[in-house]
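Here is a short report on one protein chain. Look at the structure first, then read on.

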Amino acid sequence: MTKKVLPFILLLMAFNMSLYAGTGGAEVATWYTDISSALQGSWGKLGAVALIVMALLALKNGGILPGVFLFFLGISIGGIPAMVDARYTMSF
């Protein structure tokens, strides 16, 4: 019995720092702000250009499906935070 319970107890001890029931998401507010700022700023534009170039290289080498996927991902990368903000309210 103790051999089955011990891994469960160790798992609970390892994840007790990530258990935030009902805190409203305040612990991830800075992460969300940093990521959305990066996607809408210079790094997002650089990533979008890199994805479009990779799409063109994939299309040149005959990879139609990866090329189309990378192209649409490159075009939508800057608009993802705006879509999330429009759909979900983030009240921290």
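## Overall build

Among contacts (heavy atoms within 4.5 Å) between residues at least 6 apart in sequence, 54% join residues at least 24 apart. This is a predicted model: local features need pLDDT of at least 70, side-chain atom pairs count only at pLDDT 80 or more, and totals for chains, interfaces and linings use all residues. Residues are numbered from 1 along each chain as its sequence is written, and side-chain values use heavy atoms, with hydrogens and water left out.

The protein chain has 5 helices and 0 strands. Helices here are DSSP runs of H or I with at least four residues, strands are runs of E with at least two, and both are numbered from the N terminus. The order from the N terminus is α-α-α-α-α. Of the 92 residues, 14% count as buried, meaning under 20% relative accessible area with a 1.4 Å probe, protein chains only.

## Two packed helices

Helix H3 covers residues 42-60, and helix H4 covers residues 64-76. They pack at about 165°, with axes 8 Å apart. Axes are lines fitted to C-alpha atoms over the stretch in contact, and angles run from 0 to 180 degrees between N-to-C directions. H3 is therefore roughly antiparallel to H4 (over 145 degrees).

Residues from both helices make the contact, including Leu51 and Ile52 of H3 and Val68 and Phe71 of H4.

## A ring pair

The count is 1 aromatic pair (ring centres within 6.5 Å). The rings of phenylalanine 71 and phenylalanine 72 have centres 5.9 Å apart and planes at 65°, so the pair is edge-to-face (planes over 60 degrees apart).

Methods: Angles under 35 degrees count as roughly parallel, over 145 as roughly antiparallel, 65 to 115 as roughly perpendicular and the rest as oblique. Rings of Phe, Tyr and Trp (its six-membered ring) pair if their centres lie within 6.5 Å; planes under 30 degrees apart count as stacked, over 60 as edge-to-face and the rest as tilted. Buried means under 20% relative accessible area, exposed over 50%, partly exposed in between (1.4 Å probe, protein chains only).
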